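Work through the exercises below with the model open beside you. Each task is followed by a stepwise solution.

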Amino acid sequence: MGRRAALAALLAAGLMPCSGARAASGAASPSGPRPPASLLGGEIRRLPTSRKVVALTFNAAWDEAGIDTVLAELRRRGLPATFFPTGAFADAHPAAVRAIGTAHGLGNHSYGHPYFDGLSTAQRTEEVRRADAAIRAASGAVPLPFFRFPYSSTTRDSVADVNDLGYAAIEFTADTNGYLGPQGGMNAEAAAERAIDALAPGAIIQMHVGSNGDGGVLDAEALPLIIDAAEAEGYTIVDLRDFLVP
């Protein structure tokens with residue numbers, strides 16, 4: 001099936017991972033791992049590497065319908081991913097966030113999922129910090145210094161504000177659009193195809209763990225197709241935590 005037979009794998013050994021960064025799974029603080037300079041100063045839609053690596057990422061902002069399936073597939077294959085829950089999701093589904101955090105990195109997707117371009121610096125700071133506190137409380141882990149903007153709505157000022165808080169702005173190379181569901185003209189194969197077509201060194205694939213409105217989770221169904229395709233094309237799926245520096 002060539003490029004269409006498999007999908008997403010991801011990113012990164014062009015950034016020289018530091019030993020122990022994953023175990024530290026850090027927050028943006030003087031004593032914890034932090035983003036390297038190469039991930040600051042702008043929104044990151046592709047990791048700065050020429051190697052055939054790809055990163056799998058999942059947003060969590062409404063329900064938890066696909067989490068068990070996604071975690072089981074990643075566990076079966078021994079592969080990493082990074083999850084970006086909102087703080088409101090963490091408050092509503094603490095057990096799900098705890099399950100994710102035991103095996104994968106947890107980024108920050110704001111507390112209430114607002115458009116950041118219409119917020120002041122103080123409001124952005126409140127969204128990020130409130131989400132950080134909720135994710136810590138739910139998971140018992142320290143969230144990663146990676147922030148993903150709601151709706152991918154970024155501006156130069158909002159990225160600068162997030163960077164000033166110690167976070168890299170991790171966006172995506174392609175979204176599978178699986179969250180649109182069948183009612184939005186999508187199916188698992190179409191979602192996987194969008195990820196497969198975006199495969200390139202340092203690609204970041206965005207998916208969602210929430211249901212499509214009918215109880216199904218197309219991204220959970222598409223995940224095995226994406227992984228198979230990416231690996232068939234010689235891509236390695238890597239952990240964003242490997243790109244932190246002490």
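**Exercise 1: one side of a helix**

The buried residues of helix α7 (residues 188-197) are A188, A191, A192, A195 and I196. The model is predicted.

Task: Which side of α7 do these residues take, and what covers them?

Solution. 
- Step 1. Start from helix geometry. An α-helix has 3.6 residues a turn, so residues three or four places apart point the same way.
- Step 2. Look for the cover. It includes β7 (203-208) and α8 (218-232).
- Step 3. Inspect the start of α7. There, a side-chain oxygen of N187 comes to within 3.1 Å of the backbone nitrogen of E189.

**Exercise 2: a serine in a loop**

Task: Decide whether S153 is buried or exposed, and find which residues it is in contact with.

Solution. 
- Step 1. Locate S153. It sits in the loop between β4 (146-147) and α6 (156-164).
- Step 2. Read the accessibility. The relative accessible area of S153 is 11%. The cut-off for buried is under 20%, so S153 is buried.
- Step 3. List the partners. Neighbours within four places in sequence aside, S153 is in contact with Y115, F116 and D117.
- Step 4. Pick out the polar contact. The side chains of S153 and D117 are joined at 3.2 Å.

**Exercise 3: the aromatic pairs**

Task: How many aromatic pairs are there, and which rings form a cluster?

Solution. 
- Step 1. A pair of aromatic rings is described by the distance of the centres and the angle of the planes.
- Step 2. Count. There are 5 aromatic pairs.
- Step 3. Take F116 and F149. They pair edge-to-face, at 5.5 Å centre to centre with 85° between the planes.
- Step 4. F116 is in the loop between β3 (105-106) and α5 (121-139), and F149 is in the loop between β4 and α6, so the pair ties together parts 33 residues apart in sequence.
- Step 5. Check burial. F116 is buried, at 0% relative accessible area. F149 is buried too, at 1%.
- Step 6. Join the pairs. Ring pairs link F116, F147 and F149 into a cluster.

**Exercise 4: arginines over rings**

Task: Over the face of which ring does R45 lie, and over which does R130 lie?

Solution. 
- Step 1. R45 lies over the face of F172, 5.2 Å from the ring centre.
- Step 2. R130 lies over the face of Y111, at 3.7 Å from the ring centre.

**Exercise 5: backbone angles**

Solution. 
- Step 1. Recall the background. Most residues other than glycine have a negative phi.
- Step 2. H113 has a positive phi of about 65°, although not a glycine. It lies in the loop between β3 and α5.
- Step 3. Y151 has a positive phi of about 60°, again not a glycine. Its place is the loop between β4 and α6.
- Step 4. Y151 counts as partly exposed, at 47% relative accessibility.

**Exercise 6: an alanine in α5**

Task: Which residues is A134 in contact with?

Solution. 
- Step 1. A134 is in helix α5 and counts as buried, at 6% relative accessibility.
- Step 2. Leaving aside neighbours within four places in sequence, A134 is in contact with G87, A90, D91 and Y111.

Terms used: Residues numbered from 1 in each chain as written. Predicted model: local features only at pLDDT ≥ 70, side-chain atom pairs only at ≥ 80, totals over all residues. Heavy atoms only, no water. Buried < 20%, exposed > 50% of the residue type's maximum accessible area, 1.4 Å probe, protein only. Helix = DSSP H or I, 4+ residues; strand = E, 2+ residues; numbered from the N terminus. Contact = heavy atoms within 4.5 Å. Polar contact = N/O pair within 3.5 Å; in protein donor to acceptor, adjacent residues only side chain to side chain. Phe/Tyr/Trp six-rings, centres within 6.5 Å; stacked < 30°, edge-to-face > 60°. Lys NZ or Arg CZ within 6 Å of the ring centre and 35° of its normal.
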